[in-house]
Amino acid sequence: MLSLPKPRSVAGQFFLLQLVVVLLLIATAVVALVIQDRNRAIQEARDRSLVAAESFANAPGTAEAMKSDDPTAALQPQAEAVRKKTGVDYVVALSPYGFRWTHPDRDQIGKHVSTSYGQALEGEPHQTTFDSSLGKAVDSTVAVFDEQGNAVGLVTVGVTVAKVTSVVQDQLPVIFAAGGVALLLAAGGSALVSGRLRRQTGGMGPVEMTRMYEHHDAVLHAVREGVLILGADGRLLLVNDEARRLLALPPEAEGRRVTELGLSPSLARLLGSGRAASDKVFLAGDTLLAVNVRPVGPNGGSVATLRDTTELRALAGRADVAGGRLQLLYDASTRIGTTLDIKRTAEELTEVAVPRFADYATVELVESVLQGGEPTEGSTAMRRIAAVGIRDDAPLSPVGTLVRHAPGNPVATGVATGRPVLARHLADSEGWRAQAPERARRVIEFGIHSMITVPLRARGQLLGVVEFWRSQQDPFEQDDLSPAEELAARAAVCIDNARRYTREHNTAVTLQRSLLPSALPELSALEVGHRYLPAQAGVGGDWYDVIPLPGARVALVVGDVVGHGLHAAATMGRLRTAVHNFAALDLPPDELLAHLDDLIARIDQDAAAEGDTEAVTGATCLYAIYDPVSGRCVVARAGHPGPALVSPDGTVTFPDIPVAPPLGVGGGLPVETAVLRLPADSRLVLYTDGLVETRDGDIDAGLRLLSEVLAETHGASLDDTCETVLDTMLPTRPNDDVALLVARTRLLDPDEVAEWHVPDDPAAVPRVRAEATRRLESWGLGETAFTTELIVSELVTNAVRYGKSPISLRLLRDRDSLICEVGDGTSTSPHLRRAAYTDEGGRGLFLVAQLSRRWGTRYTDRGKIIWAEQALDSPVTPDLGDLLMEDL
């Protein structure tokens, strides 16, 4: 096609263009028709296959044939008859399970079909289009239902698209005829355009053409921009005066190749290539040229323009430097201080500076600043915490080094004056080289040659210093001090904010750690594992506790104060102290939570009266009391997630515990309790909502995951269980703090418990006392018999005299203690008092208090229990005479 003659006249080119347009339209119409015909054929094939399948499926007798003993014998002839009459490729009857009853190829009968037919069994026809060996084909599958509406089989019909009659052949002659008419119209239009152009250009004579050339030549040589016109072979056809001056061309330059004019090789190569170029910069002597090249003409050639940009380039360079510094400072304002971490803030400063401003950057901070303390004035000993560079093998002091800057060092000078210091040539800085001569030698040999040091100051206090180093860039100038100082000033404010946050965070952590239990007691009733994980935002109000109670019982507590910071931690401490105080009164769980609710309400009232806006909102608590004698656990909760219970066989359940409103918003509503019977070796798991509930996750999903993890850790130690639960459920640091308490239950040996029913008769006291003495002898505690007899005698006598039935006595042997419990049916609590010298009685409880390690009263549903606990590790028989005389 390239060798064909090309039309030279405008009319011929116009006709050629119209010819191309008409051919494109014809081709587009043919393609559109073929695509439309293909889509129609596919749709017709789908309709034909579906109609055939529906007709065969709904034909009388099809369902009965499929339910017969030999469906193939009944259906194969009918299927082949339908296939031949309808012109489809195959009609296949299938069992509901996908086995063929009919097929054009009898060898395929009885084989299983792997395609999906579930949609058809549900009553919806299923159609698929696929590529077969005969071309694209369509398959339709429908179900056959009996009178009861049950699917008894399937009918699948396939047909190839090629069997559908094409209509393209009928429409192509019409399209070609329309194209011929269009070409004739285009030829006539071209002839009219050609005559019009001849009439419009035929009136121009030689004078007008000469005048046009003179004007063109005058304009060409008058412009202050060089112009070169080159031929396709790279010869210079025309050059104006400005181009001669800029390129220093000889008078006879026209007609010569650009490679013969003494130009720089790169410029001559660009001009000779004829390819387009925009504002390409070349150096011609002392002149900096901006060159633009544009190809022109059908036979090749190009026009090049030259512009002197020497002064403009200098101005643009200074503007670029200023713009780069402004962009650097803008990036510093957005990238420095994104976190409240001191080390990360220092790293952000170095990352902003390298490599745009410096090749290396290092930051050292005063030691006290790293701990969140106030800066120490006058100290030049600092810890390097950040270092970033274009290479990792620079011989600068590594991160973590304690640097002491000697007097005369530029860093020490900057610290003393509070101003940035420039060491343009490090090799000439005597003070810097004297700091560490060997390291200085290696730094200079490495190629680092220039440095700026700037003190980091905030609120008038020195936080540290930042050093900017250059190795590949030009040495620092005086103009670089201003951006360096601005970078340091912005970073210093962010570092100071991070320092103050670190101080407050450390204070809050210290407060919280002091309020949480440092170590849990060792108990015979329970084995306990626990974990506390603070939130990413800082300390919060989650807490837990294990409180020993009389009678070898144990109280388990988990609570949560919504929020973070000092206020939440302080409120948590107040609640934990209150729980200890209420537990000392041996209150049941429901009463204890009711008292906590009143306490929170009073705290809020006091805060509102003092104008404090930080009221306690969303405080929750779960309180459980476990009795190792009976295995009975009483649980109550106020707005808190319920516990998880792992049975000895590893089954995980979540007992249904009645929930009361959160503390402080209960409004006096009663708190209900639930009683759990825990076999030995059960695990009771208490937790806060941060473990199972996240901002993006559902609490039900968290509970399911917790159940799976607890089931997997069956048989593991409690500490391992806690670690596995936290690692699995909280792979990253959580947004809310988490408290986790896992308790494995134990039951006291029945041989360690002795219980008697006491008749309401003073004569029964000696018998009970004697039986208690015999039980102590069987336990090997004969040395405590005398003291225990006195305690039992006094408590039982008081119960018989002042109480009412039922009266009971129970002795518990628990690790290093012996507990005596006397219960009766009254709720009157005895009080310890000092008897007067003339009183004949009133010294019984005083003796009990002196003989026991501790004693007290707790109330039950049927009365009260007075208990006394003796220490077994150092039993000493007291001198009653001394006690009584001391009392008197």
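T156 counts as buried, at 8% relative accessibility; buried means under 20% relative accessible area, exposed over 50% and partly exposed in between, with a 1.4 Å probe and protein chains only. This is a predicted model, in which local features need pLDDT of at least 70, side-chain atom pairs count only at pLDDT 80 or more, and totals for chains, interfaces and linings use all residues. Residues are numbered from 1 along each chain as its sequence is written, and side-chain values use heavy atoms, with hydrogens and water left out.

**T156 and its surroundings**
- T156 sits in strand β4 (residues 151-160). Strands (E, at least two residues) and helices (H or I, at least four) are DSSP runs, numbered from the N terminus.
- The T156 side chain makes a polar contact with the side chain of D139, at 2.7 Å. A polar contact is a pair of N or O atoms within 3.5 Å; within protein, one must be able to donate a hydrogen and the other to accept it, and residues adjacent in sequence count only if both atoms are side-chain atoms.
- Setting aside neighbours within four places in sequence, T156 is in contact (heavy atoms within 4.5 Å) with Y90, V91, V92, L94, D139, S140 and T141.

**Strand β15 and its partners**
- β15 (461-470) is largely enclosed by the rest of the structure, because nine of its ten residues are buried.
- Strand β10 (residues 360-366) pairs with β15 in the antiparallel sense over six bridges. Pairing requires that DSSP finds at least two bridges between the strands.
- In this pairing, V363 stands opposite V466.
- β14 and β15 run antiparallel and are joined by nine bridges. Here I452 stands opposite F468.
- A hairpin is formed by β14 and β15, with two residues between them. R459 in the turn has a positive phi of about 55°.

**Helix α12**
- Helix α12 spans residues 410-417, and P410, V411, A412, G414 and V415 are buried.
- Cover for these buried residues includes β11 (381-389), β13 (421-423), α13 (430-435), β14 (450-458) and β15.
- At the start of α12, a side-chain oxygen of N409 comes to within 2.8 Å of the backbone nitrogen of V411.
- G418 follows α12 and has a positive phi, near 75°.

**Hairpin β30-β31**
- Strands β30 (residues 854-860) and β31 (residues 863-871) pair in the antiparallel sense over seven bridges.
- T857 stands opposite I866 in β31.
- Two residues lie between β30 and β31 in this hairpin.

**Helix α1**
- V20 lies in helix α1 (residues 10-58). V20 counts as partly exposed, at 41% relative accessibility.
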